[in-house]
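Here is a short briefing on one protein model.

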Amino acid sequence: MERENFYILLGLPFDPPVDDNATIQAAIKKKKQEWSAQANNPFMKDAARYIKMVGEIKKVMLDPAQRAQEADNARQIKNQKKSELNTKLALYVSKGDKLSPRDLKRLKRDFVPYGFTEEEIKEKFNKLKNSQENEEIGAVLEVELAKNIQKSFKDLGQPTSNFYAFFNLSPSSSAEQMYQAADNLRQKLLNKGEKSDLDSVKQTLAAQAKEIFKDQVSKQKYDNYLRLTRYTKFNAEIDDAAGINQRVINPKMKASLLSDALEEYKDKLNLSQASVYLQNYCKYMGYKLGDSTIVCGQCKTENPANATVCKKCGKQLIITCPRCGAKNDNATKKCTQCGFDLTKIDAVNAKIDQAKKAIGAKDYANASKLIEEAKIDWPNHPDIAPIEKMIRDFRNGFDAISNSISAAISQKNYYKANDLIAKAQNDGYQISQSTINQVSQAISEAENKISQISSMNSDQAFTALMGLSESIKDSSALNNALKKYPPKVPDKIDAKTRNDAVTIKWSASPSQGNVEYILVRRENAYPNSATDNVVYKGQELTYTDTSVTKAVPVYYGLYVSRAGVLSPMLRLSQPVIVVDSVSDVKAIGSDGIINLSWNCPSTVSDVKLLVYKGETQPQSDDQYTVVGSNRLDGAKLDNLINGKRYWIKIIANHIVNAQTVAAAPVVIAAVPQKPVKPLEDFKVTYSNGNFKASWKKTEWDVILLKSDKKPEYAVGEIYTLSDLQKKFDKINLNIVDDTDGTFTLNFIGQCYIIPAVISATNVILSKPVAVSNVPKVKNIFSDFNKSNSEIYVSFDWPKNINKAMLIYRTDDYPKDPSDPAARVIDCNIKQYDENAGILISDPPLGTIYAKIYTYFEDEDGKKIFSEGVKYLIDNEPQRDVYYSFKYKKAGLFSKSSKLTVEINSKGHFVFPKFVIVSKYPTIPLKRDDGNIIFESDKVEINNSYRFEVKVPQLRKGSRLKIFFLNDQNYSKYKIQNNGGSKI
């Protein structure tokens with residue numbers, strides 16, 4: 001059997017084809033899940049076959065060359081399906097049907113898998129329908145033959161039937177199929193004895209059908225006849241009209257017939273389609289259409305066929321419906337197609353014209369009223385939407401400018417509001433007189449007050465101007481007047497440096513009003529203006545500058561701003577120089593010694609040391625003793641007392657522009673002491689998520705550090721705790737006693753525990769210990785495929801682990817993951833999910849001794865394994881297994897009976913899950929033929945296995961038998977009762 005195309009089977013696009021491996025693998029996985037769910041459904045027989053094809057599907061679809069050929073084949077299949085699709089669509093068209101949702105759903109089910117979209121199916125249907133409506137009918141049955149066939153169906157009592165319905169076959173059936181059906185009916189009737197009148201009619205129809213369907217050409221004539229005459233009620237009205245007017249259909253008759261047809265077939269025909277149908281039917285029947293003249297519906301005057309207006313009354317002869325486009329005579333008041341009131345066309349057009357004139361005159365209220373009236377009679381008039389947009393734009397514009405005027409007034413920007421009012425009036429908008437008056441009054445009052453200020457002294461003038469500025473914000477005259485009264489600068493300003501930052505403080509300006517301070521800064525020279533590198537602007541009297549360039553003179557200036565007017569600049573008398581202190585300071589105590597080290601900036605000329613002995617840091621420099629130092633990177637303090645705390649203050653002096661500048665001091669404390677011995681006999685064990693550490697007793701405090709990578713350090717050297725915590729994580733150790741403690745860690749894989757002892761801040765490290773906590777697998781289960789050529793081993797995959805390994809031997813369990821005699825199967829979580837387990841291909845026959853490990857791979861590629869879990873797999877040929885029962889009835893003091901079961905077979909093997917079934921008085925024949933009295937778990941057996949279970953009391957004469965829970969196991973185990981089955 002030719003296989004399915006894989007692009008089509010997977011539902012993947014093939015024109016152009018999908019080439020992304022990830023997308024293809026996702027589609028295969030999804031389909032595999034669907035097929036697995038359907039495998040036991042008797043109506044989905046192909047699902048099991050598809051599952052077996054997954055390997056071949058992957059091989060083809062993941063190989064670029066084979067995949068390209070598969071896409072070509074899919075496109076060829078689609079081309080072959082086109083004719084079938086066209087035939088089905090032609091059937092719907094020939095019946096005059098619309099494409100219903102049900103039909104469309106059926107077509108999508110049959111053709112979408114072959115690459116046809118819903119839109120493509122709809123488009124093909126519409127094209128086919130339109131083409132058949134506009135094309136020539138073609139060769140048709142002779143009229144006399146058609147009349148004879150029509151008479152036969154009428155005699156049968158089925159005047160509207162046809163041969164396809166009569167033989168219960170599809171119009172897409174071949175001529176040969178139709179001929180055979182007719183011949184079968186004729187033979188059947190000939191062999192019948194006495195015939196009824198209906199039998200005779202059927203015999204006549206069979207003979208006529210054999211003549212019609214003798215070949216494809218004759219069949220096509222019949223199909224064309226059915227299409228030409230498919231509207232039977234319309235046909236009957238045409239026949240009646242022609243019969244009473246000497247086979248002539250005059251224009252008035254034609255109009256009446258078309259009107260009736262549109263009413264009867266309003267869901268299938270429009271005016272144009274009905275007119276074409278009428279012409280074709282009349283031509284076929286030999287009726288004459290008298291359409292050489294057009295009769296005016298108003299004055300009844302005949303006009304030439306091509307006339308557009310009546311030659312007598314001047315009225316338009318044909319009125320085109322503005323809603324649907326149908327043609328109507330001028331006497332029609334409502335459109336025969338859609339019912340539109342044709343008498344209101346002129347009135348609506350007049351209102352539209354009036355609305356356009358109102359728009360031109362900016363009379364938008366009247367225009368809106370006229371449009372609303374026009375929409376009542378003609379809602380979809382093409383001119384309505386553009387006019388409504390003009391009205392809408394005008395209203396939106398009015399709302400926008402009104403909001404702008406209101407915002408300007410609320411912000412007291414009256415000059416701006418005045419300009420907006422003028423613009424709005426120029427654009428045709430009506431602004432309320434109260435708004436105009438409010439703006440004019442505010443401007444007038446401001447200008448009057450400004451004119452009076454010139455006669456005031458400076459303090460009175462400024463006070464008046466400030467009061468006026470609260471009433472109007474955008475007066476240029478007011479702003480110019482304020483510039484004549486600048487604010488005064490503060491009385492004093494000073495600066496202090498601390499921690500690489502400069503804090504500048506100043507007193508308040510003595511000037512009245514709302515003032516703002518502007519602090520500016522410049523390197524090596526004073527600033528030039530209030531915009532020269534502004535570092536602060538606000539009303540506070542202090543500012544801390546944290547962005548000062550180190551070792552460079554910085555000059556500060558302060559301006560005061562009031563109502564936009566600036567004071568002169570107040571200068572800080574001296575430049576500020578910020579220099580770095582020493583960094584990375586370390587103080588390590590030893591026997592009577594403290595070793596100091598630090599990093600020194602390049603501009604440091606010398607370092608000053610101050611030393612104090614005491615438990616708390618001194619508050620004054622007077623308490624320190626100055627110690628000489630001739631080095632810039634460190635110092636050694638000796639002759640110290642062990643166990644006492646010493647405070648050291650380190651001050652670096654810089655030379656900047658030939659000036660000595662002292663940096664902020666750095667203070668550090670240290671305690672000299674005798675050397676500490678490293679921790680000895682350190683060990684770590686892991687169990688159930690907890691770690692336990694043990695060590696040899698020491699007089700010092702024990703701490704533990706953690707490193708993800710193998711750490712590098714000198715054992716026995718002195719380190720500071722702060723330095724170590726920059727490189728390693730400190731472990732929260734729960735001390736149990738002097739020699740052990742417990743702790744927990746949140747990681748997967750391997751890390752290093754660093755043991756240490758600490759005195760004050762000095763730390764001595766010992767050798768690190770590597771620990772791991774990779775979780776082992778649980779709930780192992782195995783399954784075979786039908787041919788026993790593959791074994792799937794599954795289990796609960798641990799969280800945060802993505803790799804596992806199965807190793808096995810056939811003689812004994814492997815020793816470890818590196819056992820050279822074992823076969824190794826490596827598996828990641830993605831492969832596990834795809835195969836639903838670890839896959840053992842072509843497994844050896846016999847007993848398979850397996851171990852399963854999970855593992856973590858570190859950055860260096862080293863594998864850290866979990867504990868290996870043993871698992872025994874039985875893959876022997878069918879094994880003979882014997883069992884026997886021994887039943888003991890419940891006694892006086894026991895409610896349950898006891899059943900002893902013994903199972904025997906040579907060798908070491910795993911016996912699968914089974915049940916014991918009881919039946920009275922005959923032996924059970926299958927698992928559900930009786931009562932299950934016991935269900936076992938899987939058991940490992942070495943030659944024999946015996947167990948006892950409590951069972952319900954059994955009726956004397958009951959018979960027992962063992963059945964497997966999984967029927968596949970019968971192919972591996974032949975189980976026989978070698979004892980008695982009867983109780």
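The structure holds 48 aromatic pairs; rings of Phe, Tyr and Trp (its six-membered ring) pair if their centres lie within 6.5 Å, with planes under 30 degrees apart called stacked, over 60 edge-to-face and the rest tilted. This is a predicted model: local features need pLDDT of at least 70, side-chain atom pairs count only at pLDDT 80 or more, and totals for chains, interfaces and linings use all residues. Residues are numbered from 1 along each chain as its sequence is written, and side-chain values use heavy atoms, with hydrogens and water left out.

**Aromatic pairs**

- Phe163 and Phe213 pair edge-to-face, at 6.0 Å centre to centre and 80° between the planes.
- Phe163 sits in helix 9 (residues 163–166), and Phe213 in the loop between helix 11 (197–212) and helix 12 (216–228), 50 residues apart. Helices (H or I, at least four residues) and strands (E, at least two) are DSSP runs, numbered from the N terminus.
- Both Phe163 and Phe213 are buried. Buried means under 20% relative accessible area, exposed over 50%, and partly exposed in between (1.4 Å probe, protein chains only).
- Tyr813 and Tyr849 are also edge-to-face, at 5.2 Å centre to centre and 85° between the planes.
- Tyr813 lies in the loop between strand 35 (803–809) and strand 36 (823–828), and Tyr849 in strand 38 (residues 846–857), so the pair ties together parts 36 residues apart in sequence.
- Tyr813 is buried at 17% relative accessible area, and Tyr849 is buried at 11%.
- One aromatic cluster includes Phe153, Phe163, Phe213 and Tyr284.

**Helix 6**

- Asp103, Leu104, Leu107 and Phe111 are the buried residues of helix 6 (residues 101–111).
- They fall within an arc of 95° seen down the axis, so they line one face of the helix. The arc is taken from the directions from the helix axis to the C-beta atoms.
- Pro101, Arg102, Lys105 and Arg109 are exposed on the face turned away from the buried side.

**Cysteines**

- The disulfide count is zero, where a disulfide is a pair of cysteine sulfur atoms within 2.5 Å.
- Cys310 is buried at 3% relative accessibility, and Cys751 at 0%.

**Second largest pocket**

- A pocket is an open set of points on a 1 Å grid over the protein atoms alone, where a 1.4 Å probe fits, with protein on both sides within 12 Å along at least five of seven lines; lining residues have an atom within 4 Å of a point.
- The second largest pocket holds about 1,100 Å³ of space.
- Of its 29 lining residues, Lys32, Ile51, Asn785, Glu790 and Tyr792 are closest to the centre.
- Helix 2 gives the most to the lining, with six residues.

Technical notes:
Grid points are joined across faces, edges and corners, and a volume is the space filled by probe spheres set on the points.
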